[in-house]
Amino acid sequence: MKNISQIRAGNAIKHAKVTGQNGGDVVKGLPMLILTNGLLAVIAMSLEKKSGGTGLKQEGAHTIMCAIADHLRSDGIAITKAKDAATLVAELVAPDADAALLRRATAEALAFLSYLKRFAS
């Protein structure tokens with residue numbers, strides 16, 4: 001059985017190659033953005049569309065938030081069931097979601113990002 005650090009590191013390595021293409025520099029700033037503005041605000045920023053409605057304004061941030069969503073639903077973590085950033089925000093603001101869920105998701109996202117920023121190129 002893997003411990004929590006092994007799970008975080010394994011998921012970070014899995015997403016490091018994808019993250020490096022679009023969000024290698026972004027991943028270094030996301031932890032402070034989450035601490036300052038909150039997880040929900042950062043997810044919302046990652047989902048923001050360009051003016052004109054085509055494409056995302058922050059491709060790198062969106063890629064990283066999808067990696068976080070995947071990590072939060074992975075075996076051994078299982079905080080949410082979300083598959084991407086859009087379903088993650090929907091799950092965190094659902095009527096049955098409480099503040100404890102958001103706190104757990106935020107803490108785990110920050111812990112995961114500490115591994116991801118080391119592995120991302």
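A residue is called buried when its relative accessible area is under 20%, exposed when that area is over 50%, and partly exposed in between (1.4 Å probe, protein chains only). By that criterion, buried residues make up 40% of the 121 residues in the chain.

The model is predicted: local features need pLDDT of at least 70, side-chain atom pairs count only at pLDDT 80 or more, and totals for chains, interfaces and linings use all residues. Residues are numbered from 1 along each chain as its sequence is written, and side-chain values use heavy atoms, with hydrogens and water left out.

**The whole chain**

Six helices and zero strands are present, where helices (H or I, at least four residues) and strands (E, at least two) are DSSP runs numbered from the N terminus. The radius of gyration is 14 Å, close to the 14 Å that the globule rule gives for 121 residues, so the chain is as compact as a globular protein of that length. That radius is taken over C-alpha atoms, and the globule rule is 2.2 Å times the number of residues to the power 0.38. Along its principal axes, the C-alpha trace spans about 50 × 40 × 25 Å.

Next, display the contacts, a contact being heavy atoms within 4.5 Å. Among those between residues at least 6 apart in sequence, 61% join residues at least 24 apart.

Switch to a surface. The chain exposes about 6,600 Å², of which carbon and sulfur atoms supply 55%; these areas come from the Shrake-Rupley method with a 1.4 Å probe, and for residues only the protein chains shown count as cover.

**Helix H4**

Select residues 59–73, which form helix H4. Its 15 residues should span 21 Å at 1.5 Å a residue, and its end C-alpha atoms are 21 Å apart, which agrees. The expected span is 1.5 Å times one less than the number of residues. Of the 15 residues, 12 are buried, so H4 is largely enclosed by the rest of the structure. The buried set includes Gly60, Met65, Cys66, Asp70 and His71.

Now pick glutamate 59, also in H4. Glutamate 59 counts as partly exposed, at 42% relative accessibility.

Move to alanine 78, in the loop between H4 and helix H5 (85–92). Its phi is near 50°, a positive value in a residue other than glycine. Alanine 78 counts as exposed, with 54% relative accessibility.

**Helix H6**

Finally, select residues 99–119, helix H6. H6 has 21 residues and reaches 30 Å from its first C-alpha to its last, close to the 30 Å expected at 1.5 Å a residue. Among its buried residues are Leu101, Glu108, Phe112 and Leu116.

Centre the view on threonine 106, which is buried, with a relative accessible area of 18%. Leaving aside neighbours within four places in sequence, threonine 106 is in contact with Ile34 and Leu39. Its C-alpha atom is separated by 8.8 Å from that of leucine 35, 71 residues apart along the chain.

Then select alanine 107, also found in H6. Alanine 107 is partly exposed, with a relative accessible area of 45%. The C-alpha atoms of alanine 107 and leucine 35, 72 residues apart along the chain, are separated by 9.7 Å.
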